[in-house]
Amino acid sequence: MVLSGGTAASSGGPDLSQIPADVAHKPSTLDRLSDYPAARATDMLNTYTKFLFVRHPFERLLSAYRNKLEQRHDSSRYFQSRFGRRIVKRYRANATEQSLRRGDDVTFAEFAEFVADTRDTVFNEHWAPIDRLCRPCAVNYDFIGKHESLFRDSDYLLRHVVGVADVKFPKGPDSNTSTQLVKYYTSLDHNTILRLYGVFELDFKLFNYDLQNILGYEVG
């Protein structure tokens, strides 16, 4: 949105903090590759600079759960209504009427079961495997960065790949999701861990992630 001029600029440059989350996710905010004729889309894939940022699959999954289902943000209500109620109905025996109506008290174990059972057609973009979301085996990306080294990688991308010197990736509030991984994932049974790994197996292998620091052992 910055590079395309889609956000307001201040005297010191683009003010990224002023981009509302709902605007950033709105389908009409930016053009999609599918909006173009096939020949033009192919030309863009062959000539445009293409980059991708990835995150540890289980950390990304936990972040989605905490932000969209566990916490009580205004923006969480949509996910609690659309997914939370469905999860409670399917995975909780003797659910209360309030939980069935609101879907705002989904446990991580229930969410993990839901994701492990999810079919490709109903994955939400916030927890869909990157392999399915961004197709790294089909698109020849020029640069792949990691969330774990976000500021270093984004600075390199902007300066040396995109060629922009006066834009820096903004530093937002620190995330503590990585420090919570052991707490949440060790609460799951081994079979659920294996099934979740199966969902994200290509992400683990393509981007060189493992489970050693989370579980103390490897799977797969």
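1. Helix α3 is mostly covered, since 12 of its 14 residues are buried, where buried means under 20% relative accessible area, exposed over 50% and partly exposed in between, with a 1.4 Å probe and protein chains only. The buried residues of α3 are P57, F58, E59, R60, L61, L62, S63, A64, Y65, R66, K68 and L69. Helices here are DSSP runs of H or I with at least four residues, strands are runs of E with at least two, and both are numbered from the N terminus. From its first C-alpha to its last, α3 reaches 18 Å, close to the 20 Å expected at 1.5 Å a residue, the expected span being 1.5 Å times one less than the number of residues.

2. A word on the basis of these notes: this is a predicted model, in which local features need pLDDT of at least 70 and side-chain atom pairs count only at pLDDT 80 or more, while totals for chains, interfaces and linings use all residues. Residues are numbered from 1 along each chain as its sequence is written, and side-chain values use heavy atoms, with hydrogens and water left out.

3. For the protein as a whole, there are 12 helices and four strands, and 38% of the 220 residues count as buried. Among contacts between residues at least 6 apart in sequence, 62% join residues at least 24 apart, a contact being heavy atoms within 4.5 Å.

4. Within α3, the residue S63 counts as buried because its relative accessibility is 19%. Leaving aside neighbours within four places in sequence, S63 is in contact with R55 and T177.

5. How do α3 and α4 pack against each other, and at what angle? Their axes are 8 Å apart and the angle is about 100°, where axes are lines fitted to C-alpha atoms, for helices over the stretch in contact, and angles run from 0 to 180 degrees between N-to-C directions. The two helices are therefore roughly perpendicular to each other; angles of 65 to 115 degrees count as such, those under 35 as roughly parallel, those over 145 as roughly antiparallel and the rest as oblique. On the α3 side N67, K68 and L69 take part, and they meet S76, F79, Q80, G84 and I87 of α4. The residues of this contact divide into three nonpolar, four polar and one charged, with Ala, Val, Leu, Ile, Met, Phe, Trp, Tyr, Cys and Pro counted as nonpolar, Asp, Glu, Lys and Arg as charged, and the others, Gly among them, as polar.

6. Helix α4 (residues 76–91) also meets helix α6 (residues 108–117), their axes coming within 10 Å and crossing at roughly 95°, which makes α4 roughly perpendicular to α6. The contact is made by F83, R86, I87, R90 and Y91 of α4 together with E110, F111, E113, F114 and D117 of α6. These residues divide into five nonpolar, no polar and five charged.

7. N124, in the loop between α6 and α7 (130–134), counts as buried at 10% relative accessibility. Its contacts, leaving aside neighbours within four places in sequence, are with F79 and F83. N124 and F79 are 45 residues apart in sequence and 9.8 Å apart in space, C-alpha to C-alpha.

8. The largest nonpolar core has 42 residues, of which F58, F111, V115, W127, Y185 and L196 touch the most other members; such a core is a set of buried Ala, Val, Leu, Ile, Met, Phe, Trp, Tyr and Cys residues joined through side-chain atoms within 4.5 Å. The elements giving two or more residues to this core are β3 (51–54), α3 (57–70), α4, α6, α7, α9 (181–185), α10 (190–199) and α12 (212–215). Not counting residues up to four places away in sequence, Y185 touches F58, L61, L62, F108, I193, L196, I214 and L215.

9. L181, in helix α9, counts as buried at 8% relative accessibility. L181 and F58 are 123 residues apart in sequence, yet 7.8 Å apart in space, C-alpha to C-alpha. Leaving aside neighbours within four places in sequence, L181 is in contact with F58, E59, L62, T186 and I214.

10. Two backbone details deserve a check. N94, in the loop between α4 and α5 (97–102), has a positive phi of about 55° although it is not a glycine, and N94 is exposed, with a relative accessible area of 79%. R135, in the loop between α7 and β4 (143–146), has a positive phi of about 50° although it is not a glycine, and R135 counts as partly exposed at 44% relative accessibility.
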